[in-house]
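Please read the following note alongside the sequence and the coordinates. It is arranged as numbered points.

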Amino acid sequence: MSPKKLKNSGFSFCWTRVALLFTLVGSAGCYGDDPRASSSDPQVLALEEFPSGKDSWNSIRLDHNPRVEKWVNLYRGVQSDKFADLLVRKERFDEIIQTHLQLRGMPRELVFIPMIESEYLPQAVSPASAVGLWQFMGPTAEHLGLRLDPFVDERRDPVRATEAALDYFAYLHKRFGGSWYLAAAAFNAGPGRLERVLLRHAADKEWDDALFWEIDQYLPRETREYVPKMIAVARLAREVVPRESPQSYITPYRYDNIFVPGGTALRSVADALGVDLESVLALNPHLTQKVTPPNEMHAVRVPVGTGAVAVAGLSGSLPLARADD
């Protein structure tokens with residue numbers, strides 16, 4: 001039976017009675033997982049399309065002082081190999097983060113925050129149980145609208161977590177006087193803690209970048225080093241050319257979406273589309289049980305081009321998850 005096509009908000013929804021499989025196929029690098037999304041949703045912008053120069057979109061000031069130089073020297077010295085490898089790993093998520101930064105008119109230097117937070121690992125978990133690229137704690141993630149349940153942890157989703165993180169940064173930037181240094185400190189230490197420090201030690205001063213260096217002694221040690229690290233990494237990234245390594249072949253995080261019934265195992269999706277399981281798992285780190293949530297149609301990200309295969313030829317019902325999947 002040939003699929004019927006229904007037009008809705010610029011996307012084609014395809015279905016067959018046999019497969020019970022909804023698919024939504026976007027362009028390479030598609031972000032939107034909501035079938036109600038419109039065709040005006042942001043698409044990934046090639047980095048070479050970004051205008052150059054510090055005035056092309058907002059930039060963070062990069063101070064020079066002994067606190068920053070300590071980290072510059074460390075990343076140039078004993079940690080130079082690790083720093084070069086992290087710049088390569090950054091390429092996996094660069095398009096997603098930079099595109100959202102530009103669309104919001106936010107500083108491009110914020111792309112380096114996940115280097116400090118998680119070393120660009122979506123599955124990273126801190127000793128304090130912060131999770132994902134941007135290292136959100138559970139209550140903060142839920143407050144920002146991220147889904148956390150036994151089947152889905154959107155802190156591990158590079159797209160949803162990035163959207164939430166940049167929304168949060170924009171809020172913190174406004175709350176703390178338009179200072180990106182104070183916003184970064186609040187992102188790390190929490191806005192309540194930073195505000196208490198400011199009200200106690202700088203109530204009569206303007207909340208700006210320079211103020212961070214005056215009050216950082218009252219902040220937790222990790223936060224005292226957080227802003228200098230951010231500045232050092234942003235400065236060095238302009239100088240370092242990533243060296244050749246096995247990681248140099250990391251592919252950008254791009255995908256097609258397909259919508260499948262609840263309880264569908266990712267292994268079943270990979271088998272049905274003829275792709276390897278690891279490639280599907282790597283695109284869906286937020287599906288923590290390797291199966292879609294029960295009782296709902298849910299998006300699964302698949303390698304670019306395979307979504308079209310699903311629309312064109314997938315005709316059998318996808319088996320639901322088994323206990324051994």
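1. Basis of the note. The model is predicted, so local features need pLDDT of at least 70, side-chain atom pairs count only at pLDDT 80 or more, and totals for chains, interfaces and linings use all residues. Residues are numbered from 1 along each chain as its sequence is written, and side-chain values use heavy atoms, with hydrogens and water left out.

2. The chain as a whole. The secondary structure comprises 13 helices and five strands; these are DSSP runs numbered from the N terminus, helices being H or I of at least four residues and strands E of at least two. Of the 325 residues, 50% count as buried, that is, under 20% relative accessible area, against over 50% for exposed and in between for partly exposed (1.4 Å probe, protein chains only). The accessible surface comes to about 15,600 Å², of which 52% belongs to carbon and sulfur atoms; accessible areas come from the Shrake-Rupley method with a 1.4 Å probe, and for residues only the protein chains shown count as cover. Among contacts (heavy atoms within 4.5 Å) with a separation of 6 or more, 69% join residues 24 or more positions apart.

3. Nonpolar cores. A nonpolar core is a set of buried Ala, Val, Leu, Ile, Met, Phe, Trp, Tyr and Cys residues joined through side-chain atoms within 4.5 Å. The largest has 64 residues, and those with the most contacts inside it are Phe112, Trp134, Phe136, Phe169, Phe187, Leu194 and Leu198. Helix 10 (residues 221-237) gives the most to this core, with nine residues. A second, separate core of 13 residues includes Ile258, Val260, Val275 and Val302.

4. Helix 7 and its cover. Is helix 7 mostly covered or mostly open? It is mostly covered, since nine of its 10 residues are buried: Trp180, Tyr181, Leu182, Ala183, Ala184, Ala185, Ala186, Phe187 and Asn188. These buried residues pack against helix 4 (113-118), helix 6, helix 8 (191-201), helix 9 (209-215) and helix 10. Phe187 itself touches Ile113, Glu117, Trp134, Phe136, Ala165, Tyr168, Phe169, Leu172 and Tyr226, not counting residues up to four places away in sequence.

5. Helix 6 against helix 7. Helix 6 (residues 158-175) and helix 7 (residues 180-189) pack at an angle of about 125°, with their axes 8 Å apart. Axes are lines fitted to C-alpha atoms, for helices over the stretch in contact, and angles run from 0 to 180 degrees between N-to-C directions. Helix 6 is therefore oblique to helix 7; angles under 35 degrees count as roughly parallel, over 145 as roughly antiparallel, 65 to 115 as roughly perpendicular and the rest as oblique. Ala165, Tyr168, Phe169, Leu172 and His173 in helix 6 meet Trp180, Ala183, Ala184, Ala186 and Phe187 in helix 7.

6. Helix 7 against helix 10. Here the angle is about 130° and the axes are 9 Å apart, so helix 7 and helix 10 are oblique to each other. Tyr181, Ala184, Ala185, Phe187, Asn188 and Ala189 of helix 7 make the contact with Glu222, Thr223, Tyr226, Val227, Met230 and Ile231 of helix 10.

7. Glu119 lies in the loop between helix 4 and helix 5 (138-143), and its phi is near 60°, a positive value in a residue other than glycine. Gln135 is also placed in the loop between helix 4 and helix 5, with a positive phi of about 55° although it is not a glycine. Glu119 is partly exposed, with a relative accessible area of 27%, whereas Gln135 is buried, at 13%.
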